[in-house]
Amino acid sequence: MSSDNPRDAIVESTAPLTDTRDARMGAGADDRFNSPLREAFGTQPFILTKFDKFMNWVRGSSMFLLQFGIACCSIEMMHTFGVKHDVDRFGAGVPRASPRQADCIIVPGTIVSKFAPRMKRVYDQMPEPKFVVGMGSCTISGGPFQEGYNVVKGAEEVIPVDIHVPGCPPRPEALVYGIAKLQERVANGESSPVVVKPYELEQFGDLDRDELVEKLADEIDEETLVMRYNWADSP
Amino acid sequence: MSADEELVETTVGSDLDADGIAALLGEAVLDREEHLNAPGFVIRPDAVQEVLTKLRDEAGFDHLSCVTAQQYTDRYESIYHLTSYDDRQREVSVVVPTDPERPVSQSAEPVFRTADWHEREAYDLVGIEYEGHPDLRRILLPQTWQGHPLSLEYHQDKPQIVTLDAHKNPLEADHRGNSETMFLNIGPHHPATHGVLHLKAVLDGEQVADVEPDIGYLHRCEEQMCQAGTYRHQIMPYPDRWDYISAGLLNEWAYARAAEDLADLEVPEYAQVIRTMSAELCRIASHLLAMGTFALDVNGDFTAAFMYAITDRERVQDILEDLTGQRMMFNYFRLGGVAWDLPEPREEFFGKIRDFLDHLPGAAEEYHNLITRNEVFQLRCVDTGYLSPEVAKSYGCTGAVARASGIDYDLRRDDPYGYYDELDWEVITEDGCDNYARLLVRMREVEQSARIIEQCVDLLEDWPEDDREIQSNVPRTLKPDEDAEIYRAVEGAKGELGIYIRSDGTDKPARFKIRSPCFSNLQALPAIAEGEYIPDLIAALGSLDIVLGEVDR
């Protein structure tokens with residue numbers, strides 16, 4: 001098939017099928033609703049599939065990302081949304097300002113002790129099913145700041161992560177690849193298991209009474225949500 | 001205080017030398033020190049306000065640039081780095097030693113408003129307490145943190161507990177007595193806060209009665225990281241990550257300048273030209289993003305402006321990638337020069353830069369049509385977010401924020417470094433003092449940066465081939481003299497970016513303190529936003545152009 005005029009080739013090869021299909025469907029359907037997909041279905045404009053599979057395909061093809069900036073990586077994330085890279089081409093370019101409207105959160109940057117409880121809260125506010133792309137070295141291990149007294153050693157200490165995109169920061173192309181990989185996984189019905197993470201939000205009263213808890217007992221209410229960091233055991 | 005009085009005041013005593021200052025301060029001075037950038041006066045911890053008032057009113061030191069706190073084995077020390085907005089090269093360091101058992105010294109907050117946050121940071125990280133400080137709480141770390149991480153006896157492996165209750169529920173019964181106000185949280189996850197900033201706002205109707213920035217959500221221990229690295233190579237990657245809006249080279253220059261002056265290193269002229277050119281490219285990239293996000297903040301319909309700005313930034317980043325090999329985290333400067341020469345073929349590289357420079361005037365015209373000449377935009381920004389020059393000085397504002405308030409202060413000209421003093425360009429000031437002026441300063445600075453780049457390209461094109469020295473001879477292991485102290489600043493994308501380094505004779509700094517321009521600029525937000533409508537608070541925040549990586553460090 002010559003690539004000089006592919007249009008003709010398609011018209012020639014599918015015209016009889018299209019005619020048959022149109023004849024079967026009868027009048028009523030407007031030309032505007034014709035699409036390459038319809039052409040591809042040919043004379044049988046129906047498919048048989050499992051509902052779950054269809055839903056997964058739909059989910060993967062239309063990702064709403066949370067507009068969530070933390071650090072350096074968020075600048076590259078903005079470029080990924082921008083004109084040149086335009087992640088919208090892959091059906092994942094609708095940044096939502098509210099976590100309640102988002103399917104997928106990109107974690108773009110270093111997570112520090114003060115921010116981890118808030119990030120956990122934002123993640124908890126997203127409706128199921130939800131997916132996480134960890135962007136950059138900081139969300140893998142703490143990256144260049146791993147030795148810091150205040151730095152959580154990777155997003156996976158706090159929330160489950162489906163895809164890790166390494167780099168400091170990853171190029172927009174890398175992030176697009178990561179998102180595409182995530183879409184592929186979602187379409188296949190895969191996601192990371194939600195398990196208990198080393199750092200969880202819990203009520204202060206539920207913590208084991210150790211020296212630190214005793215010391216803070218006057219300052220913090222029993223019912224206050226807290227996150228306890230165990231730096232010595234961090235990887 | 002009128003501007004004229006200010007002028008008289010600052011000229012009084014501006015001819016004082018170190019001995020003159022010592023005489024002025026009298027018996028408050030315990031000892032004299034010599035820092036590499038300025039004379040240092042060791043003073044009594046209970047005389048801080050008296051000394052700083054005298055220096056400000058009688059010797060013309062009206063800019064408290066930075067407060068550095070550190071712990072020695074036998075004492076704590078706070079250093080107030082003072083300079084003058086009119087004459088940046090006049091500097092003095094006021095050193096306040098305190099007792100190791102009970103580290104308390106007088107607060108400088110009543111004299112310089114900017115000392116408020118700086119002293120809170122010193123308390124938070126080092127553990128010095130300031131008597132008379134209005135609100136001495138932790139600023140970067142959570143309130144429940146145990147220990148002071150940059151003090152000598154801090155044990156990093158101890159567990160910590162962080163609470164999530166700091167954000168009060170606005171629907172609860174009123175938070176401020178019986179008045180008609182309402183409490184509103186903005187952030188830390190909010191599209192308009194430019195990162196992870198939390199604003200605690202108190203509203204009276206639709207007006208802002210009070211706003212308190214709550215920072216520290218991106219405190220990545222940058223100072224600790226730098227203190228753990230060796231001078232020669234291990235520190236340079238970190239500056240890229242302070243102000244990460246592609247301003248990496250400007251930040252690298254801050255460290256390079258401080259360390260080169262500390263270790264007395266020469267930089268070849270050729271490398272200085274490359275540095276100047278590449279740093280200005282970074283400034284353009286940074287200002288473009290500031291403009292794009294500001295347009296987005298002020299009115300969502302300006303998405304087009306944001307997309308255009310991103311597109312132009314891509315062009316800058318392409319050029320910088322050709323030069324440095326990276327889009328954002330360049331790590332291109334070396335102590336004593338730059339990492340490598342311009343990419344070959346040079347003509348192609350220069351052609352790419354010239355193409356971009358040719359494209360800029362048209363793009364600038366388009367931005368002005370889209371943004372600054374837009375009536376809706378003008379209604380939103382002209383005369384909102386007023387910051388008077390006196391208040392700006394008292395908060396230590398620098399960069400575009402200060403210049404938009406009519407303060408003619410730019411370190412590239414006032415404390416020359418690199419190749420700036422050989423080139424023909426202007427310092428942009430506006431006297432609108434409002435959100436509009438701050439944006440206008442940035443947009444006009446882009447044009448000046450383009451002028452600088454063009455001259456640098458001309459110079460580099462004609463540079464003789466046998467004289468392209470990119471690095472001077474630098475010892476493999478740098479060990480500056482023991483107890484050498486230096487505070488040096490450059491004009492970063494957001495303002496005066498200063499580095500304080502104290503050497504202890506090893507190959508790693510004993511204290512590495514970053515003076516972030518955004519930290520001081522953000523501190524002025526309550527002064528700007530009080531009494532404004534809530535959308536104008538968002539506009540004011542956008543016009544300050546903060547980047548949280550640099551605020552929190």
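Q: What is the area buried between domain 1 of chain B and domain 2 of chain B, and what does the figure stand for?
A: In this predicted model, about 2,900 Å² is buried between domain 1 of chain B and domain 2 of chain B, and carbon and sulfur atoms give 51% of that area. The figure is called buried area because it is the accessible area that two parts lose on being put together, summed over both. Y85(B), R88(B) and W117(B) supply 26% of what domain 1 of chain B buries against domain 2 of chain B, more than any other three residues.

Q: How many residues of domain 1 of chain B are in contact with domain 2 of chain B?
A: There are 34 residues of domain 1 in contact with 34 residues of domain 2 of chain B. The domain assignment places domain 1 at 3-131 and domain 2 at 222-544.

Q: What makes the meeting of K513(B) and E121(B) a salt bridge?
A: The side chains of K513(B) and E121(B) come to 2.9 Å, N to O. A salt bridge requires a side-chain nitrogen of Lys or Arg within 4 Å of a carboxyl oxygen of Asp or Glu, so the pair K513(B) and E121(B) qualifies. The rule finds four salt bridges across the interface of domain 1 and domain 2 of chain B. On the domain 1 side, the elements giving two or more residues are α1, β3, β4 and α4 of chain B, and β3(B) gives the largest share, eight residues.

Q: Is D124(B) buried or exposed, and how do you know?
A: D124(B) has a relative accessible area of 0%. Buried means under 20%, so D124(B) is called buried. The residue D124(B) is in helix α4 of chain B, residues 115-125.

Q: Why is the pairing of the D124(B) and R138(B) side chains called a polar contact?
A: The two side chains are paired at 2.6 Å. A polar contact needs N or O atoms within 3.5 Å, one able to donate a hydrogen and the other to accept it, so the pair D124(B) and R138(B) is counted. Among the other residues that D124(B) touches are I139(B), H148(B) and P149(B).

Q: Why does the pair K84(A) and E314(B) count as a salt bridge?
A: The side chains of K84(A) and E314(B) meet at 3.7 Å, N to O. The cut-off is 4 Å, so this pair counts. Five salt bridges are found across the interface of chain B and chain A.

Definitions and conventions: Residues numbered from 1 in each chain as written. Chains lettered and ligands numbered in written order. Predicted model: local features only at pLDDT ≥ 70, side-chain atom pairs only at ≥ 80, totals over all residues. Heavy atoms only, no water. Helix = DSSP H or I, 4+ residues; strand = E, 2+ residues; numbered from the N terminus. Buried < 20%, exposed > 50% of the residue type's maximum accessible area, 1.4 Å probe, protein only. Contact = heavy atoms within 4.5 Å. Domains from an automatic or database assignment. Buried area = accessible area lost by both parts, 1.4 Å probe. Lists of a residue's contacts leave out its neighbours within four places in sequence.
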